[in-house]
Amino acid sequence: MTTYRITLLPGDGIGPEITAVARRLLEAVSASHGFSLSFDEQPVGGAAIDACGVPLPERTLEACRQSDAVLLAAIGGPRYDGLPREQRPESGLLALRAGLGLFANLRPVKIIPALAGASSLKPEVIEGVDLMVVRELTGGVYFGTPKGRVEAGGHVRAFNTMAYSDYEIDRIAKVAFQLATERRGRLCSVDKANVLDVSQLWRDRVTAMAADYPAVELSHLYVDNAAMQLVRWPKQFDVLLTSNLFGDILSDEAAMLTGSIGMLPSASLGSDGPGLFEPVHGSAPDIAGQDVANPMAMVLSAAMLLRVGLQRPEAADALERAVDQVLAAGCRTADLIGEAGLAAGCTRLGCAAIGERLLEAL
Ligand code: IPM
Ligand code: MG
């Protein structure tokens, strides 16, 4: 029987609770689909700062490198906000992405019919939305140099650099074009080419690549317009291609189409080596340890791990079906229930109880 090595990175805040749910489901679904998983839990983010003094211990990165796929929950918390930037949990996450060469971040946004009423947008606007944000993940202003903070002439000045090289744009654009080919054939590239040189290069490279993909209909939007279009008429989008910072912002916005950011999974992939799968949401320190967190995005990330990371589509389907089933049965965590859910007679459950229902559905 094939055994895959999975590195689990529970991280901070609600991370450990949602990881526990995902792990049990992964155990169950692998057993019923004829393969096994061996888990190696490692600290990252604030948990690693507490345990080893750094947000990404060498041992954690090495364990990830040696595994078939990595499942990360969330990192960060107010306790660490005062630390110098290199020592913060977020720097550990960026170092992990860079260390594994994960330049392509895929964030699917698909409306689950049972949740159409949970969105703050009108049902007719979001019904049938099925889009994919392809976010560049190891470049742009997140990593550009020079950066820093200087004092001169009685003033403090801080700066970052938004930079992309041609090959960085080409490799992420290729991922987006290929995905568009496998989906509905529409690709919208997002930039700020009316103002930024880095965006003009982005647009030039993406435009040039379109010749290799005649079946894909390419369009471009400035990021401010893209933000507006996402809430005005999100159904117009199939694949959205963005740089690191724009994708960070637009994917949080797109998450709200589904009713809660607690529903959105993601996959981060490189050209080789293991992929990293993680929910789009953060560590939600305000609700950590209270058993109210929504584990669905983490479970859906585990499904992406099975589908994309291990090429086990049947097991991935089973997990996704379990999520649909539990939602269709009216089970909701606090973030999803709202007025509409209560009026419709939905049941409010905690994180662990949702995990139990998902196991039963499996
Ligand atoms: C995300 C997060 C991260 C990012 C943070 C935690 C560094 O917001 O994955 O979207 O900005 O990339
Ligand atoms: Mg973000």
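The protein chain is divided into domain 1 (1–105 + 271–362) and domain 2 (120–258), with bounds that come from an automatic or database domain assignment. This is a predicted model, in which local features need pLDDT of at least 70, side-chain atom pairs count only at pLDDT 80 or more, and totals for chains, interfaces and linings use all residues. Residues are numbered from 1 along each chain as its sequence is written, chains are lettered from A and ligands numbered from 1 in the order in which they are written, and side-chain values use heavy atoms, with hydrogens and water left out.

**How the domains meet**

- The centres of domain 1 and domain 2, taken over C-alpha atoms, are 25 Å apart.
- Eight residues of domain 1 are in contact with 13 residues of domain 2 (contact means heavy atoms within 4.5 Å).
- Between them, domain 1 and domain 2 bury about 1000 Å², with 68% of it on carbon and sulfur atoms; buried area is the accessible area (1.4 Å probe) that two parts lose on being put together, summed over both.
- Two residue pairs are in polar contact between domain 1 and domain 2, both residues being at pLDDT 80 or more. A polar contact is a pair of N or O atoms within 3.5 Å; within protein, one must be able to donate a hydrogen and the other to accept it, and residues adjacent in sequence count only if both atoms are side-chain atoms.
- On the side of domain 1 that touches domain 2, the elements giving two or more residues are helix 4 (89–99) and strand 4 (104–110).
- Helix 4 gives the most to that side, with three residues. Helices (H or I, at least four residues) and strands (E, at least two) are DSSP runs, numbered from the N terminus.

**Around ligand 1**

- Ligand 1 is surrounded by E90, L93, R97, R107, R135, Y142 and D248, each having a heavy atom within 4 Å of the molecule.
- A polar side-chain atom of R97 lies 2.7 Å from an oxygen atom of ligand 1.
- For R107, a polar side-chain atom lies 2.8 Å from an oxygen atom of the ligand.
- R135 has a side-chain N or O atom 2.8 Å from an oxygen atom of ligand 1.

**Salt bridges**

- The count comes to 17 salt bridges, each a side-chain nitrogen of Lys or Arg within 4 Å of a carboxyl oxygen of Asp or Glu.
- R23 and E41 form a salt bridge through their side chains (3.5 Å, N to O).
- R23 lies in helix 1 (residues 15–32) and E41 in strand 2 (residues 36–41), so this pair ties together parts that are 18 residues apart in sequence.
- Across the interface of domain 1 and domain 2, zero salt bridges are found by the rule.
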